[in-house]
Amino acid sequence: MARRALVTSIAALVAVLLLATPAAAKLTATYYQKTCPKAEQIVSEVVTAKQITTPITAAGALRLFFHDCFAGGCDASVLVSTNAFNRAERDADDNVSLPGDGFDVVVRAKTALELQCPGVVSCADVLALATRELLIMLGGPFYHVRLGRKDALNSTAASVEGQLPGPSMTVDQLISLFARKGFTAQELVALSGAHTVGFSHCDQFASRIYAYDGRDRNAHDPAMNPRFAQALQKACANYTKDPTIAAFNDVMTPGKFDNLYYQNLLRGLGLLASDQALAAHPQTKPLVQLYAANQTAFFRDFAHAMEKLSVLGVKTGRKGEVRRRCDAFNNLST
């Protein structure tokens, strides 16, 4: 048993060292100190105004950031629009439901930065900073964001397949996916806590609330709280006709970043099958219980995981560019 634990620890250490790429090492907290000293202040002011007028912005930006980083690295490739020459990442099947407000807040911040410091701050850095600032507004933890990312020179829908966690994945599949990116099971559970805000469309969990047994239309996943399942059945009744119908991931405090997501899982109030499964798997259940009981521990581990996520697969130097517009490459032929 001790030998297995040692092997696991060594594997995790190797994964972390692999993430410590030369590109990530070039990022610094003071990257724009001389070229755009007010960059962080400008981003903060813009995202604050956007969040106040549109409270779902923070959850949208967080999801956008995760999808960008996990599919090819934190390089703003998900922000690029499809054109006549290329079907971009944002139009991949796993990305078509990304909230428009996440894209919009980045565009607004980038526009403000271009007026102050044209051609200096990358879209990848804007997205990373905006996500951190918006999470803080929801009551989430502060974490350091190192800067100096360059924007990707390519973005293809095909590159997204198999890179992102799905709502029906088993815990073993999730652990394997995160391990390939260099993340531990603990970091998987901590990052999953981001589902304490935001919403999911009914088609993402319909199989849990309708005909779960394959026969009875009203049969739901027995892991779900019965009253919760019945309420969702009513709320999603017309989801096949209206695919925009959605439910909050955290039914208790949907607009606050806290640890109720984990408490909900222990009560059978998890919305997605992949989330609820975390509370039953022997490798992740103790972590769900820990974070449900201790918000300080959750915030600490979430902050560390976000710092690690924010440097995943970053581009620097000539491997990227600083886009003038976040939705288009500087060179159309790129």
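The largest pocket of this predicted model is lined by 38 residues, of which Arg63, His67, Pro165, His195 and Leu272 lie nearest its centre. A pocket here is an open set of points on a 1 Å grid over the protein atoms alone, where a 1.4 Å probe fits, with protein on both sides within 12 Å along at least five of seven lines, and lining residues have an atom within 4 Å of a point. About 920 Å³ of space lies in this pocket, a volume being the space filled by probe spheres set on the points.

The table lists elements that each supply at least two residues of the lining; helices (H or I, at least four residues) and strands (E, at least two) are DSSP runs.

| Element | Residues |
|---|---|
| α4 | 57–70 |
| α7 | 171–180 |
| α8 | 185–192 |
| β1 | 199–201 |
| α12 | 273–277 |
| α14 | 295–309 |

Helix α4 gives the largest share, six residues. By class, the lining divides into 21 nonpolar, twelve polar and five charged residues, where Ala, Val, Leu, Ile, Met, Phe, Trp, Tyr, Cys and Pro count as nonpolar, Asp, Glu, Lys and Arg as charged, and the others as polar.

Ser77, in the loop between α4 and α5, is one of the positions that an unreviewed UniProt entry lists under "binding site", together with Asp68, Gly73, Asp75 and Glu89. Although spread over 22 residues of sequence, these positions cluster in space, with a largest C-alpha distance of 12.2 Å.

Helices α5 (residues 100–116) and α6 (residues 123–137) pack at an angle of about 115 degrees with their axes 10 Å apart, the axes being lines fitted to C-alpha atoms over the stretch in contact and the angles running from 0 to 180 degrees between N-to-C directions. Their contact (heavy atoms within 4.5 Å) involves residues including Val105 and Leu113 of α5 and Cys123 and Leu134 of α6, and its residues divide into eight nonpolar, no polar and one charged.

Residues are numbered from 1 along each chain as its sequence is written. Local features need pLDDT of at least 70 and side-chain atom pairs count only at pLDDT 80 or more, whereas totals for chains, interfaces and linings use all residues, and side-chain values use heavy atoms, with hydrogens and water left out.

Methods: UniProt positions renumbered as here; feature names shortened; annotations may be inferred.
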